[in-house]
Amino acid sequence: MKPKPFTYLRPADINEALQALARIGEDARILAGGQSLLPMMNFRLAQARALIDISRLAPLAYIRKTAGEIEIGAATTQAQLLAWPQLGDATPLLSAALPHVGHFQTRSRGTVCGSIAHSDPASELPLCLATLEGKVVLRSSKGERVLPAAEFQTGMLATARRPDEVVVAVRFPERKQGAGYAFMEMAQRHGDFAICAVAAVVSGKTTRLGVGGVADKPTVREWSGLPNGELDDALNDFAWELGGTDDHHATAAYRRELVRRLGRRAIEEAAKCSS
Amino acid sequence: MAQPPSQPSHDGLERRWLGRPVERIEDATLLTGHGYFADDMPTRAGTLHAAILRSPHAHAEIVAIDTAKAMARSGVVAVLTGAEIKQDSDPFIIVLRQPMDQWSLATDRVRFVGEAVAVVIAEDRYIAEDAVDDIEVEYRKLPAVIDPMSATAADAPLVHPAVGSNVPSERHFSYGDPERRFAEADRVVEITIDYPRNSQTPLEGFVVAADYQPGEGVYDVMCNFQGPFTVHPVMSKALRCSGAQLRIRTPAYSGGGFGVKQAIFPYVVLMCIASRRTGRPVKWVEDRFEHLTAAIAAPNRIIRAAAAVKNDGLVTAFRFEQIDDYGAYLRPPMPGPLYRQHGIMSGAYAAKDMQIVNKLVMTNKTPSGMVRGFGGPQIYYGLERLMQRVAVELGLDPLDVIRKNLVPAGSFPYRAPAGALIDSGDYQTAIAMAERDGGLADLRRRRDEARAAGRIYGIGFAAIVEPAQSNMGYLSTIVPVEERRKAGPKGGNVAYATVNVDCLGAVSVTADSLPQGQGHATILSQIVAEQLGLDPHDIRCNMERDTQRDPWSIATGNYSSRFSSSTAVVAQMAAKKVRAKIAQIASQTLNVPADEVAFGDGKVFAKNNPDNNIRFSRIAGTAHWSPSELPTGMAPGISETASYSAPEIEPPNDADQINTSLTYGFVFDFCGIEIDRDTGAIRIDKYVTMHDAGRILNPLIADGQIYGSFGWGIGCALLEEFAYGADGSFLSGTFADYLCPTACEVPRPVILHMESPSPLTPLGAKGIGEGNCMSTPVCIANAVADALGVKDVKLPLTPARVKALMGETEKPPRVAAKAPPARAAAAATPGGKALTGSGAQTVPASPEVIWRALLDPKVLARVIPGCHALDQTGPNEYRAEVSLGVGIVKGRFTARVALTDLDPPRAATLSGGLEGSLGSTTGSGRVRLVPQGAVTQIDYDYVVEISGKAAAVGGRMLDGATKVLIGQFFQRLFAEIAPEAAPRPGPARTWWQRLLKFLGLQS
């Protein structure tokens, strides 16, 4: 369980990182927390000719409130976000979801942006980003662009990031007045990849439900003015659309059942928290 | 530590330290990071490092191995394959006389995923692993047999063709008159059990550092082998050397064993050969992936259990048919799990008539081996599920049924029908205490309230007998009486310990228990301190072992809970010898007879006049400095070694009865669990575990053992399973796939004790470290069966399994079109990793154009994703070098593709496979071209089997990844034959997202 040889680069600033990325191209990987990338490299599932370590770039380690959004820099760890005193007020969904992200130890190194860039279909942070309709800030040596979550997240371990781009920040919308939020997941052990995770936002007559771990990326449905009696049917249709896959921990049918059951629970809880 | 006052004990001897909660001497070292483990042990300068190439196939012939590229890599010293190993070693001896040869590397065929095929020896591990990827092996896949029942079928593929069957041993045993009891029964209750494969996984994997000394032909090996030393001759015979030429040294500290570390022995032999071949020391450290894939597993077992019962719940006879799955090879001391508890198959129950059929089955899975509990978890899962069913079928309370059938109090020592001599106990009192002190009445109330509120709640019970200190002759039960007579009787259980005293009275102890975290040094210190009137902290125990320097016995090692009835006993004997010697020397000085000499507070004194005393250190000095002053005839110095073998451990008799263990403790558990109606998740509401392990030597350590085995019991019940696909692919290669419980998943049990000292062992102590491995899985399963009112409960009880037990039917979507394409309906069952799928796409080109493209190698080279080179190897057969990937996961593969069943230009079958360091796949798909006016609809379906690393570590992503790769293929095909129709990357959707939509794989 040793990686293939690679070059380790620790650029002095983000520009140097972007130049290195532009120079080396697709064979270079950005290293932030390394909690997914390094195990995959040790298994030799992933290979990189060069790792560009941005984890110590202080200007990228920030949590900032700007016009209705919380912006989180690429060097900010999950633990730092979880410890941010305003988290519960600013984004209650993240506050509920973060304790499910890996373990105390992995959160201390794993970054928020890294998890979103990695785009594991069962990860909590990409699910929150999709459900809240957050944004991803991508920068290359040529410039910067901002993509909505739905455009950034393209599939299993796949995103719209171009090979010369770094995810420099993500933006989560601040909590909406009167909206209620809930996050729930089913994992066999605390901290495992979710068999199914659900994030619900209820605001007035609008209900949004994001589901992770079932399809190949987090998927969100929104219902407006849904009569109460139709929620179960709506959830059932959604579950069937997501399909789900079998693995040796759970069947597709079980995943669909969780979409229905946990989905309802999360929506009910979010509704309780809304006003 | 101040010496506590002595306390009376059952045998009337004073007890100052034994039985006390002395804190573990080991903990300060371990908890502050000062422990040193096998990987930390120094090796000689110039030590090389090994990495092992392992089979991605469950069953295949090795056609050719090309090591040239690996050998050419800078820093690589040697690459060994089965050919070299066959030259240098003999196959491992096995218990059965059957042609099932195994060497430390595969020779002509591989029989399980993860089997070692080649070893690279290089300057460091990184280079060695790089070179492993350079080795090219050509395999010819053979049908694999995975399920033990299928393995017994007449037409099953044979794991060892020379045996002629996958069942190399079948034995029938009958005790009393079971046929008559079953015929006269009011009712026969039956249950079939399918116990899964699992293992208790140590933090530290195998470590071997082998150093061949050509001068004397000695292999000097430092490794974390845990015994039993019965395996030492297995290794030396394989190496064609004497035991004295195979020096095995084990470090003082261990990162856990649980039986598993016994299975290191093939690697010891492999690294010895590597050292001899390279002329340099060679070190190998097993990594987690290797450990989970290929180290060992407790055998999975099918049990058909039956009880002959009377209507009042009395069981008059048992019948067990056990089909135990040993995987690909029978490694010594296998099939231990099938026979280690043979004498006690009737458990805690008094039924005298019993029939047992034991079948040993070989399959294409990792070889089975020693794992904590050693057959017990399987046996008690069968027996205690059966007892629960007796209660359900007779409409009785499960606890009443247990109680009605227990071995009566006052009948100990009790001879069980299959030969166990249960030394002591009072099961009725233990259960009554547990019921009272564990609050069973309150738990029943909680259940009733929960049920009244519509919640799903159940209570489970388990009563088990916990054997300790195996009779090393138990395995001879597997051979018929006549053969046993020829081989001579085998019992035997020799233990050794030595107590040394230096000239200033410092005491050190060595012993044969090879501890792996159990706190043996603490208990030995207590024992020796008590004898010599010292403080346990004054005693240094060195738990390293060295086969060249220490007394040798077949029983040496850490297994079968042998410590408290064996090593602890012999350490006390050695300490008593030292005590006697010192008393004799002191009697001259103190002027009292030796039997009136007492020990305490570091002094030796006259029992009736403590003021008449001398320091312990002074007497010790006399023995070393002034041998001439010693009593006449006394040997100089003070170092006493004792050996001990319990006489009750006898070979099996002609009626196939065997006392398989020396001591038998009792465990009674009950628990309350609640099941989440939505998710199927189990919450353990309360767990009570009552232990009678004879005399407790140290209550802190006893409870620590209970917590440990309980934790693993929770893992077995809820989480842990080595999963295999139907094709034999291994699916549990990481700790994200093989789930061990963590502190979050293990509730704190209520632990209760009673003490019925064993009359058969001088300390009165029995084993305590394996009971919950046997009782907890079935106790929880019984609670789930009670909660859901179901009969068949298969471990591990994952939420998905529990939910399936609830028997709900899934409502279809309101609009059928919203259901995913047919692939979901045809989806594989969990455990089966054959991925299936189908799709369709319309392409603006005629079938002829598409057909030509598919049959043109140049076009095919462009269409196959990541294709570097494509060679035609036959008519419509190709070999290609490809790089495939999903996200950051990428690998290089050799692909073989063939187009068959050609029906131009309408249909073709595309079949082939991939081989690469990430694993191996085989698959086939039928492609149909249906003209629809100016366009063509391409319909396809496929079946893909994935094996090797990708299956073992990427299970949850395989289905999705397959879709992505098929998507890549079709995207390229469209770009080739209808460029204008090919989707292009855009801001809104990436190419393959749109493609999947095209293919109907995504909405």
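Colleague: What should I know before I start?
Modeller: This is a predicted model: local features need pLDDT of at least 70, side-chain atom pairs count only at pLDDT 80 or more, and totals for chains, interfaces and linings use all residues. Residues are numbered from 1 along each chain as its sequence is written, and chains are lettered from A and ligands numbered from 1 in the order in which they are written.

Colleague: How many helices and strands are there in chain B?
Modeller: Chain B has 26 helices and 36 strands. Helices (H or I, at least four residues) and strands (E, at least two) are DSSP runs, numbered from the N terminus.

Colleague: What makes chain B as compact as a globular protein of that length?
Modeller: Its radius of gyration, taken over C-alpha atoms, is 32 Å. Along the principal axes, the C-alpha atoms fill a box of roughly 120 × 75 × 60 Å.

Colleague: Why is B:Asn300 called buried?
Modeller: A residue is buried if 20 or more other C-beta atoms lie within 10 Å of its own, exposed if 12 or fewer, and partly exposed in between; C-beta atoms are placed from the backbone. B:Asn300 has 25 such atoms within 10 Å, so it is buried. It sits in strand 13 (residues 300-309) of chain B. Across chain B, 57% of the 1003 residues count as buried.

Colleague: Which residues is B:Asn300 in contact with, beyond its neighbours within four places in sequence?
Modeller: They are B:Pro148, B:Tyr195, B:Pro196, B:Arg197 and B:Asp325. Contact means that the C-beta atoms of two residues, placed from the backbone, lie within 7 Å. B:Arg197 is 103 residues from B:Asn300 in sequence, yet their C-alpha atoms are 4.5 Å apart.

Colleague: What makes strand 1 of chain B mostly covered?
Modeller: Strand 1 covers residues 48-54, and seven of its seven residues are buried. B:Leu48, B:Ala50, B:Ile52 and B:Arg54 point one way. B:His49, B:Ala51 and B:Leu53 point the other way.

Colleague: How do you know that strand 1 of chain B pairs with strand 5 and with strand 12?
Modeller: Two strands pair if DSSP finds at least two bridges between them. Strand 1 and strand 5 (residues 116-122) of chain B have six bridges, in the antiparallel sense. There, B:Ala50 stands opposite B:Ile121. Strand 1 and strand 12 (residues 282-285) have two bridges, in the parallel sense. B:Leu48 has B:Val282 as its bridge partner in strand 12.

Colleague: Why is helix 4 of chain B said to be largely enclosed?
Modeller: Seven of its ten residues are buried, so the rest of the structure largely encloses helix 4. B:Ile127, B:Ala128 and B:Val132 are among the buried ones. The buried residues of helix 4 pack against strand 1, helix 2 (68-72), strand 3 (76-81) and strand 5 of chain B.

Colleague: Which residues touch the most other members of the largest nonpolar core?
Modeller: B:Val120, B:Val208 and B:Val268 do, in a core of 365 residues. A nonpolar core is a set of buried Ala, Val, Leu, Ile, Met, Phe, Trp, Tyr and Cys residues joined through C-beta atoms within 7 Å. Helix 17 (residues 563-590) of chain B gives the largest share of this core, 14 residues. Apart from it lies another core of 25 residues, including B:Ile850 and B:Phe893. As for B:Val208, the residues it touches include B:Val221, B:Ile264 and B:Trp284.

Colleague: How many residues of chain B are in contact with chain A?
Modeller: 55 residues of chain B are in contact with 48 residues of chain A. Helix 4 (125-134) and helix 25 (958-977) are among the elements that give two or more residues to the chain B side.

How values were computed. Rg over C-alpha atoms; globule rule 2.2 N^0.38 Å.
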